[in-house]
Structure formats: C-alpha cells, structure tokens
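Hi everyone, and thanks for making time for this.

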Amino acid sequence: MLVLASASPRRRELLAQAGFSFTVEPASIPEDLRPEENAVAYVTRLARGKAEHVYARLAAKRSEDLAVIGADTTVVAPTGEILAKPENEADAKRMLRLLAGATHQVMTGVALVSALGTEVAAEVTHVSMVTLSDEEIAAYVATGEPLDKAGAYGIQGYAGRWIPRIQGCYFNVMGLPLALVSAMVEGLHRRREQAAFASTIPK
C-alpha cells in the first residue's frame, strides 16, 4: 500500500506517470524555515515530517505493507536565499528578479516511511533562467501561476519559455524526482523480500 503524503496535483500526476499505484493523504505540518537551516536540511526535514505524520495516522489500520512518500521542494536563489512560495504578488516579483539572468538550484527532499524504517534523500537540479524585464515579470505574475510555487515559477507552465537549460532531473524541478523515488521504492521492496525470506529460515 503506497501513499503519497501531498496535496500537490503535480506530484500526484508525476507518480501516476511513473506507473505507481497509490492513494493520496495530504499532510499538514508547519513549514517554517528554522534559523541557520540550510536548504537540504530544510526540504528533507519537511519531507520526513509529512511522511511520518501520515504514516502515524494510517499505521494503526494497516502497518505491515504500508509505505508513505513525503516530498518538499524549494528554490535557492543565486544569492543563497531559500525561496519558498511567495507571500503575495510583490514577493513573487522580487523572487523572479533574483532568479532572472542567472542559474539557481531547485532542491527536493524525499522521505519513504515504512515498518522497516525511514529513508531520506534529496535531489538537486541547476536551472538557468534568461534575463527578464520588469514588464515580463509583471505580466507573468498577473497570470497567478507563480503564487503557489516555490521560487515563484513553474517550469511546466508559462515560465518554461525562460529556461534555456537545466543540469539534473527535470522532474525534480516540477516537484518530484522520479528516478530517485523509484529507486527508493524498489529498494524497500527488496528489503521486504529479504526480511520475508529471513523469517522463513529456522533459527
């Protein structure tokens, strides 16, 4: 029983695209950045928190074969500032001005929680964005697309025209690094098979 601990339609679509059968159970946890916390620590902490929150909620009913995926994505500006979702249109414009004409990082933390324990990993992709005018930024923000996205843009939407190159996983920029997730789930299957085999060996 695989569960995605996220309300994100993009993550749901990506996981389905990769051929997984799963259910969705959104997690609600505080997402504030802690003092002196770096981006990798931030996204992996939130991914783990989401997955563990949902696992604890569901495990009483069905823990043996339950596996919960949690994920969190953030953008790191060239200045080093961690960019979560913008607070308003002015904040979205500020973020886009930081990213325009430079290369930034997109980081996603992924956690997989099961009866065998918790596995946590992170994916980093470098994204280059062309130089943008204030008019282009204002027009994009007016569409509303940036307002619910870390870093104030979505590579799969209108802003894709401004991304000439990336280095790393494209799906990571969308919010779920599929190769990483697949490797984690397949690793869990192998550990379960090994555990099941070990339990059949007489002691």
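Predicted model: local features only at pLDDT ≥ 70, side-chain atom pairs only at ≥ 80, totals over all residues.

What stands out here is the burial. Ten of the ten residues of E3, which covers residues 67-76, are buried, so the strand is largely enclosed by the rest of the structure.

So who are the neighbours of E3? Strand E1, residues 2-4, runs parallel to E3 and is joined to it by three bridges. If you want to find that pairing on the screen, look for Leu 4, whose bridge partner in E3 is Ile 69. Strand E5, residues 103-114, pairs with E3 in the antiparallel sense, over ten bridges. There, Thr 73 has Thr 108 as its bridge partner. Then there is strand E4, residues 82-83, which is also antiparallel to E3, with two bridges. Val 76 is bridged to Ile 82 in E4. E3 and E4 make a hairpin with five residues between them, and in the turn Gly 80 has a positive phi of about 100 degrees.

Next, a residue on E3 that I'd like you to zoom in on: Asp 72. Is Asp 72 buried or exposed? Its relative accessible area is 5%, so Asp 72 counts as buried, the cut-off being under 20%. Its side chain makes a polar contact with the side chain of Lys 50, at 3.0 Å. Leaving aside neighbours within four places in sequence, Asp 72 is also in contact with residues including Arg 11, Glu 31, Tyr 42 and Met 107.

Now let's move to the nonpolar core. The largest one has 40 residues, and those with the most contacts inside it are Ile 69, Leu 112 and Tyr 153. Which elements give two or more residues to this core? They are E1, helix H1 (9-17), E3, helix H3 (89-99), E5, helix H4 (134-142), helix H5 (170-174) and helix H6 (178-200). H6 gives the largest share, six residues. Apart from this core lies another, of 13 residues, among them Ala 5, Ala 27, Ala 47 and Leu 66.

Let me pick out Leu 112. Not counting residues up to four places away in sequence, Leu 112 touches Leu 2, Ala 67, Val 68 and Ile 69, among others, and its list also includes Met 184, Val 185 and Leu 188.

Ser 114 is buried, at 7% relative accessible area. Ser 114 and Leu 188 are 74 residues apart in sequence, and their C-alpha atoms are 8.4 Å apart in space. Beyond its neighbours within four places in sequence, Ser 114 is in contact with Tyr 55, Leu 66, Ala 67, Leu 188 and Arg 192.

My last stop is the aromatic residues. How many aromatic pairs does a search of the whole structure find? The count is four. In one of them, the rings of Tyr 140 and Tyr 158 have their centres 5.5 Å apart and their planes at 15 degrees, so the pair is stacked. Tyr 140 is in helix H4, while Tyr 158 is in the loop between H4 and strand E7 (165-167), so the pair ties together parts 18 residues apart in sequence. Tyr 140 is buried, with a relative accessible area of 0%, whereas Tyr 158 is partly exposed at 33%.

Tyr 158 has a second aromatic partner to show you. Tyr 158 and Trp 162 pair edge-to-face, 5.5 Å centre to centre with 80 degrees between the planes. Trp 162 is buried, at 6% relative accessibility. Together, Tyr 140, Tyr 158 and Trp 162 form one aromatic cluster. And finally, Arg 161 lies over the face of Tyr 158, at 4.1 Å from the ring centre.

Note on methods:
Residues numbered from 1 in each chain as written. Heavy atoms only, no water. Buried < 20%, exposed > 50% of the residue type's maximum accessible area, 1.4 Å probe, protein only. Helix = DSSP H or I, 4+ residues; strand = E, 2+ residues; numbered from the N terminus. Pairing = 2+ DSSP bridges. Core = buried A, V, L, I, M, F, W, Y, C linked by side-chain atoms within 4.5 Å. Contact = heavy atoms within 4.5 Å. Phe/Tyr/Trp six-rings, centres within 6.5 Å; stacked < 30°, edge-to-face > 60°. Lys NZ or Arg CZ within 6 Å of the ring centre and 35° of its normal. Polar contact = N/O pair within 3.5 Å; in protein donor to acceptor, adjacent residues only side chain to side chain.
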